[in-house]
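Please look through the sequence and the structure shown here before reading the report.

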Amino acid sequence: MFFGIKQTRWLYVSLSIFTLCLAFIITPVKASPPVTTPAFSSSQPTNWLEQGRNLYQSGRFTEAVTVWQTATQQYHTQGDRLNEALTLSYLSLAQQELNQWQVAQQSIEQSLKLLQIVKPSADAIIWAQVLNTQANLQLHTGKAETALESWQQAQKFYEQAGDQMGSLGSQINQAQALQSLGFYRRSKQQLEALTQKLQGMADNEIKVSGLRSLGLALQIIGDSGKSQQILEQSLAIAQKIAAKPQLSSILISLGQTAVDLQDPETGLDYFEQAQLLASNPSDELQARLAQFKLFLHYDKAEFAIPLAPQLLQQLRELPPSHTSLFAAINFVATLNHQSNSNQILPLKDLAQLMGATVESAQQIQDTQAQAHALHEWGKLYRRTKQLSEAQELTQKSLDIARQLQANDIIAQSAWEMGQLYKQQGDRLKAISAYTEAVNALKALRGDLVAINPDLQFSFRSSVEPVYRELVGLLLDNQPSQAALMQARELIEALQIAELDNFFREACLDRTQQIDQVDPTATILYPIILPDRLTVIVSKAGQPLRSYITHKSQAEIEQTLDNFLVALNPVSDSKDRERFSQEIYDWLIRPAEKEQAFIDTKTLVFVLDGRLRNIPIAALSDGKQYLIEKYAVALSPGLQLMATRSHHQNQISAIVGGISKARAGFAALPAVESEVKQISKTVSSSMLLNQEFTSQALAERVKSSSAGIVHLATHGQFSSRLEDTFLLTWDGEVNVKELSELLKNRGNDPSKAIELLVLSACDTAAGDDRAVLGLAGLAVKSGARSTIATLWPVKDQAAAMLMTRFYDQLRQPKITKAEALRQAQINLIRQTDFRDPFFWSGFVLIGNWI
């Protein structure tokens, strides 16, 4: 979880109907204890379990804890061990909602001990429910493997009890645990099998609930298209059997999926339907909040303004509960993201709402809500320049967050404190606060998986700036070696965070020191800051250096855009040369003047922002292209790089491609000659046109020991996971499926793919994060290196360059970067394709050795 979007995990308990609180800024998807509790007798004078369940369902977790604690004591006094165990399990659920992890652990351990004592008389259904609670706690505390085992046990007990829906729910949760462990292929297979099981069930409320849960699971892992299909089925059955209580929450889920698929109009339609069909005030409020945020996100303030006072009034009137408190926090957090929010509602009204929310949170002892509300309240004061009040409230939020060990709130409030100190000119305290925020974000890496709503927006507005602002502080004035080292680490950490965000899962990091990788390489870390471009230069055995170009971010990005436009062969070559030399002067010349590149053979760039989309090899010093002086490679950071070099005498490849027009994509006539020529140059297994299916490729990768996979086909890389794909004969393969397919050789590092070549793909036009898809594929597939193109290259030029590349790669003691360099120089000096447009789009990402 990070910056206002709480990680959306759920647990499943028998016969429960899931309730959705839209994952708006903070609120999670969560399940309730079961509607029926077969272990206790309804003849009890006070139905404590039922009371607690009602309180839990309405979000009044602290009160539920109190009731269930009383019930536990009463059952203990009566010697009713079964109901005591069940109540302790429920108590753990509520304590988990309040982030009381230690006492939640104690409650569930006590529950399990009691079940062991009464084992012969304990119903299978009770065992299943208690194990579910335990698994949920294990998943939340980072023990995904043991959570998986607990859910597998729970599934067996559900099946023993004949509870089919409980069994299916446990399997959905197992899929979530598999995702946390990084087993996405297994998780997806399990979800697909569950879909088949649910399809075979009779239409009833349980099936509606199961399909909706499954749809949400698919939404979380980024399969929005499949999620939409499943949720639509859930809706159709709910309408058919008149399951009115579920309609609103399903429609809200469908609306969010439509927004994820960049279809805001359909999303709005679903939200409006959800509001009309809401069977309780909470669902109606969530639907209206979803509409409100959608209007603001798409700059439709004229529709948001009339809604705002109505929502404010509704939030003021709701009785205090976890759900109502977070609804208020979400509302204010959404407005705090708007620069013109005082035109929507007066800031004093929002401050009053947060003040009341803090009081209500104290009243019901919801410390998590209290910390979030204090944070948003402090932001409102900072906006009105009341810095001492802002600092006091933010510090209170941070203190509570530290006590809770809630990294999501620590990250927000520590960042806010850093901004306040920075505003007051206290640089050292600002650096300390920012560092705490970044450390909290790093601790959250495993939780970033579940972020789904407004994915790119939340990362760009709430995570990336923390890193950049801290780097800016560290690089002010004359930075020390310690400051430069910290800034370099932050740049690498930002690259990892971006990849986590792209894949919605934590990438594996393998930290390597530069002198362990290649002593003849120099690493350049250019970072674009609001008022300057700073380049950090790292070379083995030497102190770090830094160079600054004082230009605004807007000027820098405009020059980069101009250079890209000028690369078109029909553009004015003088413009291209001018922009090329200007960027060279920023990135290369200062270090060359100080002779920082002596004994350097390869320049490795860890690129930032729009710099990723320009062909570094084509930068010119006025006489030569950079590629004529050095081999060039790109890296998503040394922390994400495996170091083993390839063995030239063992080169073998799987070569596949499509030369014919297919699925609306144009023919690539030269692909056939490219594939056949490469197959002659290196030992190859060839898949061309009809043979090049995703299944055939998967089987070849799995059965072959070939170190190179060369794919000459259409594809696109984008900053949106959904828009990043490769074309096979039987359709598009998205980047996640492709990375899993390529990794399908077990966990033996010696079998990893040495080099993945994508010779006909391109990056999405105008997308300054498109290369994330390339870098991400390189990391996630386990391929040590990837060669790809930044734009569609003339296929004759591509065929010529790739053939020369493999000729070079067979030479003894040549690195991949040098082999690509020699192939590019050959096109410059010995062919008609000397223009940078034809050769500079080819980039090597990852291990250059």
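## The model and its confidence

This is a predicted model, in which local features need pLDDT of at least 70 and side-chain atom pairs count only at pLDDT 80 or more, while totals for chains, interfaces and linings use all residues. Residues are numbered from 1 along each chain as its sequence is written, and side-chain values use heavy atoms, with hydrogens and water left out.

The mean pLDDT (the predictor's confidence in each residue, from 0 to 100) of the chain is 83, and 86% of its residues reach 70 or more. Over residues 1-46, however, pLDDT stays under 50, and the model has 170 contacts (heavy atoms within 4.5 Å) beyond four places in sequence for this stretch. Residues 448-457 also have a pLDDT below 50, with 36 contacts in the model beyond near neighbours in sequence.

## The second largest cavity

Rolling a probe the size of a water molecule over the atoms shows where empty space is left.

Helix 23 (481-503) and helix 31 (771-780) are the elements that give two or more residues to the lining, where helices are DSSP runs of H or I with at least four residues, numbered from the N terminus.

## Helix 28 beside helix 32

The axes (lines fitted to C-alpha atoms over the stretch in contact, with angles from 0 to 180 degrees between N-to-C directions) of helix 28 (residues 670-681) and helix 32 (residues 795-809) come within 9 Å and cross at roughly 5°. Helix 28 is therefore roughly parallel to helix 32, a term for angles under 35 degrees.

Definitions and conventions. Angles under 35 degrees count as roughly parallel, over 145 as roughly antiparallel, 65 to 115 as roughly perpendicular and the rest as oblique.
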